[in-house]
Amino acid sequence: MSFLNSVKENHWTQYESALKLSEQVVVATYNKDAETVANLLSKIHEDKVQALEYNNESALRYVVLMAYLATESYYLAPLNEYPTGKGFADIVYLPISANSKSKPALIIELKKDASSKVALEQIKERDYVSRVKKYTENILLIGINYDSKTKQHTCLIEEYHK
């Protein structure tokens with residue numbers, strides 16, 4: 001939370017625009033507005049990733065972590081390759097305990113040159129919610145794909161139901 005406060009208080013312009021985009025991503029995620037999330041991911045990818053690394057799989061993870069930077073106030077640090085069910089979720093955000101009822105946990109699966117549907121299906125098939133639901137039953141499943149040929153992102157967001 002101190003980083004976000006510093007950006008806001010000191011008007012660090014190089015981070016303020018990224019933070020504003022991140023806040024939009026978080027709101028769109030909570031509203032399950034996958035199209036807006038995908039469009040914002042494309043913008044962040046274009047703005048923040050160098051041309052030589054643009055199609056690198058690590059670049060997609062970096063873009064998503066930047067996109068969810070504004071979660072710092074409500075979530076623990078992002079958990080990368082979080083062991084769950086029958087595999088590892090790419091990125092998991094668990095709400096800070098004080099927010100566990102009001103903020104959903106976020107399980108994010110990333111794909112490159114596949115589809116956001118395949119990513120979402122993997123979350124379900126490999127039961128990534130099994131470990132996360134020990135902390136909260138309020139969970140959003142997020143599948144994100146980056147198409148390296150078209151340079152487009154797609155996203156699907158679903159609420160977890162028992």
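Predicted model: local features only at pLDDT ≥ 70, side-chain atom pairs only at ≥ 80, totals over all residues.
In which strand does L79 lie? L79 is part of strand β1.

**Overall fold**

The protein chain contains six helices and five strands. Along the sequence, these elements follow the pattern α-α-α-α-β-β-β-α-α-β-β. The chain has 162 residues, of which 45% count as buried. Its accessible surface amounts to about 8700 Å², and carbon and sulfur atoms account for 50% of that surface. When contacts between residues at least 6 apart in sequence are considered, 55% of them join residues at least 24 apart.

**The sheet**

Five strands form an open sheet in the order β1-β2-β3-β4-β5, and the pairing is mixed. Strands β1 (79–84) and β5 (152–159) are at the edges; each has a single partner strand, so one side of each lacks a neighbour in the sheet. On average, and with direction ignored, neighbouring strands of this sheet are turned by 35° against each other.

In general, the strands of a sheet pair through backbone hydrogen bonds, in either a parallel or an antiparallel manner. Strand β4 (residues 139–147) pairs with β5 in the antiparallel sense, over eight bridges. Within this part of the sheet, I144 stands opposite C155 of β5. Helix α5 (residues 116–125) lies across β3 (105–112), β4 and β5, and runs at about 145° to β4.

**The surroundings of L79**

Is L79 buried, partly exposed or exposed? The relative accessible area of L79 is 27%, so this residue is partly exposed. Neighbours within four places in sequence aside, L79 is in contact with D90, I91, V92 and L94. L79 and Y93 are separated by 14 residues in sequence, with a C-alpha to C-alpha distance of 6.4 Å.

**Aromatic pairs**

Y93 also belongs to a cluster with Y68 and Y75, linked by ring pairs. How many aromatic pairs does a search of the whole structure find? The search finds two, and their geometry is listed below.

| Pair | Distance between ring centres | Angle between planes | Class |
|---|---|---|---|
| Y68 and Y93 | 5.8 Å | 40° | tilted |
| Y75 and Y93 | 6.0 Å | 80° | edge-to-face |

The class of each pair follows from the angle of its planes, because planes under 30 degrees apart count as stacked, over 60 as edge-to-face and the rest as tilted. At 40°, the pair of Y68 and Y93 is therefore tilted. The planes of Y75 and Y93 stand at 80°, so this pair is edge-to-face.

Y68 is located in the loop between α4 (57–67) and β1, whereas Y93 is in strand β2 (residues 87–93); their pair therefore ties together parts that are 25 residues apart in sequence. Y75 likewise lies in the loop between α4 and β1, so its pairing with Y93 of strand β2 ties together parts 18 residues apart in sequence. Y68 and Y93 are both buried, and Y75 is buried as well.

**A charge over a ring**

A further contact type involves Y74 and K103. The charged end of K103 sits over the ring of Y74, at 4.4 Å from the ring centre.

Terms used:
Residues numbered from 1 in each chain as written. Heavy atoms only, no water. Pairing = 2+ DSSP bridges. Helix = DSSP H or I, 4+ residues; strand = E, 2+ residues; numbered from the N terminus. Axes fitted to C-alpha atoms, helices over the stretch in contact; angles between N-to-C directions. Contact = heavy atoms within 4.5 Å. Buried < 20%, exposed > 50% of the residue type's maximum accessible area, 1.4 Å probe, protein only. Areas by Shrake-Rupley, 256 points an atom, 1.4 Å probe, with all protein chains shown as cover. Phe/Tyr/Trp six-rings, centres within 6.5 Å; stacked < 30°, edge-to-face > 60°. Lys NZ or Arg CZ within 6 Å of the ring centre and 35° of its normal.
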